[in-house]
There are 2 protein chains.
Amino acid sequence: MMNITEISGGITSPLGFKAAGVHCGLRKNRSRLDLAMIYSDVRCSAAGVFTTNKVFAAPVGVDKKQLEDGYAQAIVINSGNANTCNSDGYEKAYMTVSKAAEVFGISEGDVLVSSTGVIGVPLPIKPILDGIPMLKSKLGTDEQSGENAAVAIMTTDTKKKEIAVKYEHAGHEIKLGGICKGSGMIQPHMATMLAYVTTDAAISPELLKKALKKCADSTFNMVSVDGDMSTNDTLIAMASGLSGTAEIDEEGEAYDEFVEALHYICLYLAKSIAADGEGATKLIECKVKGAKSEEDAKILAKSVIKSPLVKCMIFGSDANWGRVLCALGYAGPDIDTEHISCVFRSSAGEIEVCRNGMDCGFNEDEAKKILTRNYITIECSVGDGIGEATAWGCDLSYEYVRINGDYRS
Amino acid sequence: MMNITEISGGITSPLGFKAAGVHCGLRKNRSRLDLAMIYSDVRCSAAGVFTTNKVFAAPVGVDKKQLEDGYAQAIVINSGNANTCNSDGYEKAYMTVSKAAEVFGISEGDVLVSSTGVIGVPLPIKPILDGIPMLKSKLGTDEQSGENAAVAIMTTDTKKKEIAVKYEHAGHEIKLGGICKGSGMIQPHMATMLAYVTTDAAISPELLKKALKKCADSTFNMVSVDGDMSTNDTLIAMASGLSGTAEIDEEGEAYDEFVEALHYICLYLAKSIAADGEGATKLIECKVKGAKSEEDAKILAKSVIKSPLVKCMIFGSDANWGRVLCALGYAGPDIDTEHISCVFRSSAGEIEVCRNGMDCGFNEDEAKKILTRNYITIECSVGDGIGEATAWGCDLSYEYVRINGDYRS
């Protein structure tokens, strides 16, 4: 077993990375940061995973193009406006790219951009162009600078989301850091609204892309807050290579270790998004086992955590397990309905509520006690197949409705 | 154009049908009806469309079997318990069938049963068996008797749902009546929790089944309240043939007219379900045109009315049209994103909010005024294809969360 240790900090923890967050004026509230930058001293191997929504933001289109060569050095991210469904969206995204390249003296091909916020409102470009020199003056390798970037990309998030880890390889320490934002419009492919991972590992662009895709599939793509898939979803990883280790350019032990650490970062960030779902009071984890394949297990687990009736049931701490079976039943994959079992688990204990597809006479008070905690696991066995998967979501509360009934004002 | 006229009444309006609703004791509240019956003086052509959920209720399994021969004469329906996920579910459903056959002196093969309510709790059978003679004593052809049945099948519904229509064919009057219940766990395939249509048209079982399936596809299956598909969804039609017209045993004018009237009934009932969605304050209708096929248009329209963000936006009367485009974009079918247009319409007027995939500078106050009404149409043009479809849903309110956070208590 490889030893992954969480360390303090975030995206500035790996060697070579600086970050900043400033208020450039996209938001009216002057105390709210709205422009972030992630910058590497050296050109990085870089890879991205993006929304599959057919309506996608201009910056998503720009980043896909920019990442075709597998390299990047800086990312400029604004909150407050999604730069989606605007006639001048690409023009403004490229103006941001040009400005950053000029201010930092790097190649235009190495600048990425992201936007998050309201759709269909033209992006005010002046605050961003004026903000880029401000970002340069604020860039730092310290933890606070990384945290400022994490805060500047938030929209309806109630908490900043960041993490850093380290592990050893061939006598060298390799670090990875990550930040993300997202709480509404969260749905598999991609679950994140915006997520960024930095690392000082040395890895080829091809393998970084492969590792990122693999990790996204079992983490960000297994999270759903409300079933809506954003037009802006973006996950980008940058590897500076400054840890001093040899470049990972083929699969093997070094690659596997890196994937394990990258998975750790992605899982933490994905769960943070689910736990901070708009209006969420509880994190819901659904583990499915015994499905015919891993793919089936994924579909089943997601169906449970996406069911509004299951989400309301967890909000109300009501052990109405029939809703879990119902969500498994309409998901699509074949299941052995006469042998489904279902267990609810939390820090207060665990209780089997259903066995062989039927009520197993559990104690309602005990179930209630378990469901009142804020991290609930629903474990379902749906047959004797080898397929297993886990998905994460959150409960559905009054607050979700309040936030989304009046988002723009 | 054929002339379909709405008339007063419901399932007892067509010739030959009687109905009743009684309190048998499944519900604690003695003033609440919980057992209903629909009875025909003669054996009827009968057809059903049922949930496709792999976890389905015992009565659904029984009815599928009973309808294999295409005939039925009576339906017994209870609310308060779904008779799903119980080890003795089939046994109790067949006990109900036997008792009704005995009490009414009809064939066991002609009795159907339905249940709605909580899943996984054994069905108390004594109240039902005792209730069947009570139903017999209450059966009537009057409107009140039909209404009692409509009320007895309600769960979280706030309104009873019934309708009757007539049309003329070859000098004879043909009548159709319908009742349904459903407000939570409503989702295409099947949208209804429970719906029943009676008619005195004479039609062969094969064509009745074909007509029912066709109508369900463009009505009940285009309604979604919360994306959850029930384990009990049932739509049954019974045709007594007592109108005096010749039996419809092949496609042609008489069949087409019947389908048109049946569609009218189904559409009314399906829209009633959407409008009475749990906690709903508004009915949302989404019309999609210009899709590559009707199938694509259906998927796109459903994606819009199912989006929690669109539902919250309508609840809040906020013209955040980017959410509509977002839901079209992740639905799956190919759309011409650069030529999408979107119009909001209600009894207060109509307003174009998006043209060519972009904001068209609409007046926000005017849009707000339109969206504050309780029947909102969202019309989207997604290209120049021939595919058109309409779907119905409802907004997402605080009340939905309250109802479903604490359903069982």
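Helices (H or I, at least four residues) and strands (E, at least two) are DSSP runs, numbered from the N terminus. The views below show a predicted model, in which local features need pLDDT of at least 70 and side-chain atom pairs count only at pLDDT 80 or more, while totals for chains, interfaces and linings use all residues. Residues are numbered from 1 along each chain as its sequence is written, and chains are lettered from A and ligands numbered from 1 in the order in which they are written.

**View 1. Asn83(B) lies in the loop between β4 (71-81) and α2 (89-104) of chain B.** Asn83(B) is not a glycine, yet its phi is positive, about 45°. Asn83(B) counts as buried because it has 32 C-beta neighbours inside 10 Å; the term buried asks for 20 or more other C-beta atoms within 10 Å of the residue's own, exposed for 12 or fewer, and partly exposed is in between, with C-beta atoms placed from the backbone.

**View 2. Ala170(B) is found in the loop between β6 (161-169) and β7 (172-181) of chain B.** Ala170(B) also has a positive phi, about 50°, although it is not a glycine. With 11 other C-beta atoms within 10 Å, Ala170(B) is exposed.

**View 3. Helix α7 (residues 294-306) of chain B crosses helix α9 (residues 322-330) of chain B at roughly 135°, their axes coming within 8 Å.** The angle makes α7(B) oblique to α9(B). Axes are lines fitted to C-alpha atoms, for helices over the stretch in contact, and angles run from 0 to 180 degrees between N-to-C directions. Angles under 35 degrees count as roughly parallel, over 145 as roughly antiparallel, 65 to 115 as roughly perpendicular and the rest as oblique. From α7(B), Leu300(B), Ser303(B) and Val304(B) meet Val324(B), Ala327(B), Leu328(B) and Tyr330(B) of α9(B); contact requires C-beta atoms, placed from the backbone, within 7 Å.

**View 4. An open sheet of six strands in chain B has the order β13-β12-β11-β14-β10-β15, with mixed pairing.** The edges are β13 (358-359) and β15 (387-394) of chain B, each with a single partner strand, so each has one side without a neighbour in the sheet. Two strands pair if DSSP finds at least two bridges between them. Helix α7(B) packs on the sheet, where it touches β10 (283-291), β14 and β15 of chain B, and its direction makes about 25° with that of β15(B).

**View 5. Strands β11 (residues 341-346) and β14 (residues 375-381) of chain B run antiparallel and are joined by five bridges.** Cys342(B) has Cys380(B) in β14(B) as its bridge partner.

Key:
Contact = placed C-beta atoms within 7 Å.
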